[in-house]
Amino acid sequence: MSRFFATGSDSESEESSSADEITPKATGTTFNKQQALLLSDDEEDTKRVVRSAKDKRFEELTNIIKTIRNAMKIRDMSKCLEEFEQLCRAFLKSKTIVDKEGVPQFYVRLLADLEDYLNQLWEDKEGKKKMNKNNAKALSTLRQKIRKYNKDFETEITSYKEVLSCREGTRGQQVPQGRCCRSRHLLQDSLRWFLRVLTMQLFVCQDEESESEDDEESEDWGSDSVDSGSESEDNEGAAASLAVVFLKKYVFSLGHGRILSLKKHKKKERLEEEADEEGDGEEGGWEKVKGGVPLVKEKPKMFAKGTEINSAVVIKKLSEILQARGKKGTDRAAQIELFHALAGISNENNLGEGILVKIKFNIVSSLYDYNPNLAAFMKPEMWKKCLECIDELLDILFNNNNIFIGENIAEDSENLAISDQPFRVRGCILTLVERMDEEFTKVMQNTDPHSQEYVDNLKDEGRVCGIIDRLLQYLESKGSTEEVCRVFLRRIMHTYYKFDYKAHRRSLGLQGETKSEQDQEESEGEDSAVIMDRLCKFIYAKDRTDRIRTCAILCHIYHHALHSRWFQARDLMLMSHLQDNIQHADPPVQILYNRTMVQLGICAFRQGMIKDAHNALLDIQSSGRAKELLGQGLLMRNMQERNAEQEKIEKRRQVPFHMHINLELLECVYLVSAMLLEIPYMAAHEFDARRRMISKQFHHQLRVGERQPLLGPPESMREHVVAASKAMKMGDWKTCHSFIINEKMNSKVWDLFPEAQRVQEMLVRKIQEESLRTYLFTYSSVYDSISMKTLSEMFELDLPTVHSIISKMIINEELMASLDQPTQTVVMHRTEPTSLQNMALQLAEKLGGLVENNERVFDLKQGVYGGYFNRDHKGGYQQKQNYQRGGYRTQNQSSY
Amino acid sequence: MLTVFFDLWSDKKRSKISSVKTFSSSCVFVRLQVVLKIIKHYQEEGQGSEVVQGVLLGLVVEDRLEITNCFPFPQHTEDDVDFDEVQYQMEMMRSLRHVNIDHLHVGWYQSTYYGSFVSRALLDSQFSYQHAIEESVVLIYDPIKTAQGSLCLKAYRLTPKLMEICKEKDFSPEGLKKACIGYEHMFEEVPIVIKNSHLINVLLLDLQEKSTVADKHELLNLSSSNHLEKSLQLLMDRMDDMSQDIGKYNTYCRNLSKQQQQKQQYLQRRQQENAQRQSRGEPPLPEEDISKMFKPPQAPARMDTLLIAGQINNYCQNIKEFTSQNLGKLFMAEALQGHSS
């Protein structure tokens, strides 16, 4: 309050100084303008608390009007035009308010004045000639515009003009008080005139000056009327009585500039009055707060004291708050607060669960609304609040069987209050929980995975799962199958990637060592495998949307694979036929598919199915973008390929860190499988011209290894594999073994498997077998015969295994040899072509190609000149060709 | 070295047999000094598939070319860009003239790796030589064959036909067809006769008396696979190139014929239209430049293919020669074995 006075006195001194000097008109007006702005600034400061949207709009209008009037005074037509257009826009903006309140007087006044003014100017031919071109042009446009525009306000303007003439009348008669005016405006006018008369009586002022003063005053009054516009008719009496007080004070004033400060004074008092009124307005049934417009105020109180709080009021309040939702400038945090307060109130007053549920729904959704950006994640406290809220909501739902919720319940068919009927509440708890789950993912995505914070956040996973579980129970009893499917999928999504250590131990026949562990085991409930099975099968049976079923299948496969149930996983994958149409799925599903394939590959590897493992991992690894394909991070790429928007989308798809598949493990598994396949193959097909690579990536790694100028002991996982491959090429299985399985590799890769020991044993055996094969391929030409016993000693394999491997090679015609049973030796046939023969064979093949090419040229010639050579003839050439090539082949075979 | 020398005679005789009559000089006389210099040059500077080159000096006497001296092109790395080869040659020849040595430029020599010398570079430089000095030849020295026991030195000249083509620089399929040139008519081999002054002959005979019999005869080496493998490898590489070229030519032919058809169709349509117009009494359509509308596709240069064919021919000859010799040796060894056992 004191502050207000301080500014008031400030402006007073300024005003008086301006009044003392007799300044030219132009400067005077500018000064006045400054003054007005200053004042309005002050007003803003003090009034911010209670300003409604209406006030704001009207102030905007008045500001523009002021500038127009100023422009009018200095005959700046272009400025006038510009401002007028702005005014029209501003007026349109405040259309809703105007519809409610009626066209504000000051607006009409300006329109009328402006038109008159323009007409006057238009008539003034001399003046028009003096105008510069721009101004003249603006004048004509403005005149046309205002003519058109004023047609809409014809009635208002005529009524205003009436009043104006009335005013003229009062001026002449100088009897202001007695007039009973129809409009507020007139009252003010009369008041002003009354003051003016008094002034004239006290100080003998020049007519002119008072005239100009009149202009200024009318402006100020105009702005004043903005505030008073909201006042009701009763207020007028108060204003009139105020005038008396005002007059009293006025007597003591010395400069007529004082008027302003006094006026402010008066305004202040009025404000105070209003505040008072608000304070005890409830008794009088006066509720300014609910002025039709949604007000968002930081008022601690929802309802005034004494209001009987019943459900109707609360519901009304709720919808009021809801209306502000999503609007610009709405304080979202405050809204959440308001909801909470409302929930508290309804709780205190026992308004029933229906309303509480409704409010809770709104709290959660406004919590979700808090972040306007889809990419931003919830703040921790918000997140906690959200979890609590949903928990409470579920509590209520569980405790009250008579609440029906659903998104298809219409707003007006809701039943929140009448407690003897079942409550019907609009809202979908499933959507809320799903959104919560997404928010959780977002929180996890946006936390640094190596921080303690991540661990803390991850602890909430239990609560999220708990909520989903409870919702699952709830929906199983109440929801439709569709909803059940959805919530089942959520449950599956939280289960499939977790390794069930308890079940694993149990399957191994181990009991928990300590008592507490046993207890824990018992309390744990059923195995995740059983849960997965139940949920997925339900979805397979009931789901009608393809997406949920696809996700469920993939998760199921993943879960099987994770727990080394290779055959179930593989069969499910093959039966689902997902490989055929996964490219049509949306990216998140594709990521899930990739994850599943990778897990399947790793599972196959653990089971010793090297070929299957390789095939499963080939697609992911060969692209070199495994990280991206698994949704575990973005690859660095230039901005041309991906703009910021795409990057954001991709970021949102990322899988949270705790679900990641170890990429090094993945690559190692792939490379080792490739090594076990490729090295014997390379040895077997050393001279084959048509040899194809099994794994490009593996070859790439080998080449990288070869390119190294200095070969040190291997450091990284890749170097280990490359070194091991080189050893295997020589059939040196021991070195190979020591490169693949050692401490470094164990800590990097192998220990990540749940059954590390078993995997290592499998791996050693594979290395021995494949080394044996490689050895035989590479060095068979050197031997006439080898004793199998020697081989079994060399590779530390038992004799039957060696026997079976060699037999298999002989059967597959990979090894040209025969087994001599009595002596247990392998006798080589020595029919492998020498390198020169191989070369000759290659040359022959190439020659065949050359001839074929040549024939084609010849054909073409024939075709052009002959014209009658048809396809059959061409076929004849090719047949001949085939025959010839067949000849080569038979030659080849006979040479063996 | 001596064995090498004595083998020369047989080589000389062989080349005499296969001599072809040519217009400027029917045979090339080479001084032993030149041969030795070339061999020395390769042994000092060439290794593996690297090639050494040099300038031959001599003069034309009647219908024969006598090569009396030579000097090598210096090896120079890419670092010294300011090295001027022409300048060096001029300097060299001037210096040789000062010591009263034949200084006339009559050709150049080049070493080869497993007989691969038929290349565009050789063609171009031999063409420019022959263009400037009509009688100039290129001597091809095969160090590998020489190391196996028989000196291999051959003189080649471009055939007049090829000279014509190179002059016109028309390597399109039509051009080559018109010139009627095949890979076998590209180079003509000129018989070489190694001729010495009598004094040297006397010295050699003298030395022959004194020299001990060499205990290692490269000529009788029975191992063959290494050499054959290398040759086959090279042959295969050329085959690949050839296949590629044929493929290119094939596409060209197809494109051409397709365009021809289009052209024909267009012309026919045009004719019909004109006939119709005539029957209606209207003026015929104006003649348009058909060649502009149907731009013939870019023909692939066939010269490279020709050269590859020549090279393949060369390899085949080499392999044939090598295998026939080796077979002979094998039979000989077998007979020896049977005789001794």
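Contact here means heavy atoms within 4.5 Å. I keep that cut-off in mind for the helix I looked up across the sheet. The model I am reading is predicted.

**Entry: helix on the sheet**

I looked up helix α37 of chain A, residues 788–795. Helix α37(A) lies across β3, β4 and β5 of chain A. Its direction runs at about 60° to β3(A).

Next I checked the sheet itself. It is an open sheet of three strands in chain A, ordered β3-β5-β4, and the pairing is antiparallel. I asked which strands sit at the edges. They are β3 (785–787) and β4 (817–820) of chain A, and each of them pairs on one side only. From one strand to the next, the twist averages 20°.

I then went through the pairing of β3(A) with β5(A). Strand β5 of chain A covers residues 825–828. Three bridges join β3(A) to β5(A), and the two run antiparallel. For S787(A), I found T825(A) as the bridge partner in β5(A).

**Entry: chain A overall**

I noted the inventory of chain A: 40 helices and five strands. Chain A has 896 residues, and 44% of them count as buried. I also looked at contacts in chain A with a separation of 6 or more. Residues 24 or more positions apart account for 66% of these. The accessible surface of chain A comes to about 47,900 Å². Carbon and sulfur atoms hold 52% of that surface.

**Entry: a helix pair**

I picked α18 (residues 429–445) and α19 (residues 452–478) of chain A. Their axes are 10 Å apart, and the packing angle is about 165°. Angles over 145 degrees count as roughly antiparallel, so α18(A) is roughly antiparallel to α19(A). The crossing of α18(A) past α19(A) is left-handed.

I listed residues at the contact. From α18(A) they include I429(A), V433(A), M436(A), F440(A) and M444(A). From α19(A) they include Y454(A), L458(A), V464(A), I468(A) and L475(A).

**Entry: positive phi**

I looked up two residues other than glycine with positive phi. S564(A) has phi near 60°. S564(A) is placed in the loop between α24 (546–562) and α25 (566–576) of chain A.

Y114(B) has phi near 50°. I found Y114(B) in the loop between β4 (105–111) and α4 (120–132) of chain B. Is Y114(B) buried or exposed? Buried means under 20% relative accessible area. Y114(B) has 11% relative accessibility, so Y114(B) counts as buried.

How values were computed
Residues numbered from 1 in each chain as written. Chains lettered and ligands numbered in written order. Predicted model: local features only at pLDDT ≥ 70, side-chain atom pairs only at ≥ 80, totals over all residues. Heavy atoms only, no water. Helix = DSSP H or I, 4+ residues; strand = E, 2+ residues; numbered from the N terminus. Buried < 20%, exposed > 50% of the residue type's maximum accessible area, 1.4 Å probe, protein only. Areas by Shrake-Rupley, 256 points an atom, 1.4 Å probe, with all protein chains shown as cover. Pairing = 2+ DSSP bridges. Axes fitted to C-alpha atoms, helices over the stretch in contact; angles between N-to-C directions. Parallel < 35°, antiparallel > 145°, perpendicular 65-115°, else oblique. Left-handed = near helix turned anticlockwise from the far one by under 90°.
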